[in-house]
Amino acid sequence: MLSKILITAVLCWGVLSFPDGAPIDTCVKERANQPNHGQYRTQPLSTLPYRIVASSLVYEPNTPVTVTIEGAEPFKGFFIQARSVETDQWLGSWENAPNTTIHPECASITHADPVAKARATLLWKAPPNAHGRVYFTGTVLKNYRTFWVNLIAEAPQDPLQLQVLG
């Protein structure tokens, strides 16, 4: 009887782990952006049903950038970091959004509830005294067992970099 209770408790823990988002140690783990979900591993990028889109990848002081996660299927969680293209260091800060947790120590934001989401719209703010290029990287979880890591946000083409053919 005791062994059945123990097995049930372990299974419930596995299903309910991290319902309020990625813990702060996700920022400094050896395998960056990798959830600690036991034996479960990332899915191939070719099967990714989600898009992460940033409104821009360049910034000026205090410039806001919108980062959106959406897809054809609902997702339960995410972990997104902002990093400098030039130095790969954590950069800027996230604005509070409903049902999110911010880890300012590593310029990251994560889900704060296990509710299925059709879309997440997040707002990142550039540092007050800097300009440059930023990229947004992270993880999207369909559920505890099914997730994709090391995703990089897409962004619209910079019109100044487009060549006009005539």
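Reader: With which side chain does the side chain of Glu-70 make a polar contact, and how do you know that it counts as one?

Author: The partner is the side chain of Arg-119, at 2.8 Å. A polar contact is a pair of N or O atoms within 3.5 Å; within protein, one must be able to donate a hydrogen and the other to accept it, and residues adjacent in sequence count only if both atoms are side-chain atoms. The 2.8 Å between Glu-70 and Arg-119 falls within that 3.5 Å, so the name applies. A word on the basis: this is a predicted model, where local features need pLDDT of at least 70, side-chain atom pairs count only at pLDDT 80 or more, and totals for chains, interfaces and linings use all residues. Residues are numbered from 1 along each chain as its sequence is written, and side-chain values use heavy atoms, leaving out hydrogens and water.

Reader: Is Glu-70 buried, exposed or partly exposed, and why?

Author: Partly exposed, because its relative accessible area is 28%. Buried means under 20%, exposed over 50%, and partly exposed in between (1.4 Å probe, protein chains only). Glu-70 sits in strand β3; a strand is a DSSP run of E with at least two residues, numbered from the N terminus.

Reader: What makes Glu-73 and Lys-142 a salt bridge?

Author: Their side chains meet at 2.7 Å, N to O. The term asks for a side-chain nitrogen of Lys or Arg within 4 Å of a carboxyl oxygen of Asp or Glu, so this pair qualifies. Glu-73 lies in strand β3 and Lys-142 in the loop between β9 and β10, so the pair ties together parts 69 residues apart in sequence. Glu-73, at 29%, is partly exposed, and so is Lys-142, at 30%.

Reader: How far apart are the closest N and O atoms of Arg-83 and Asp-88, and why is this called a salt bridge?

Author: They are 3.8 Å apart, and that is within the 4 Å cut-off, so the pair counts. Arg-83 is buried, because its relative accessibility is 13%, whereas Asp-88 is partly exposed at 38%. The structure holds six salt bridges; another one joins Lys-117 and Asp-113 at 2.8 Å, with both residues buried.

Reader: How many residues does the largest nonpolar core have, and what makes it a core?

Author: It has 25 residues. A nonpolar core is a set of buried Ala, Val, Leu, Ile, Met, Phe, Trp, Tyr and Cys residues joined through side-chain atoms within 4.5 Å. Those with the most contacts inside it include Ile-52, Trp-94 and Phe-136. Strand β3 gives the most to this core, with four residues.
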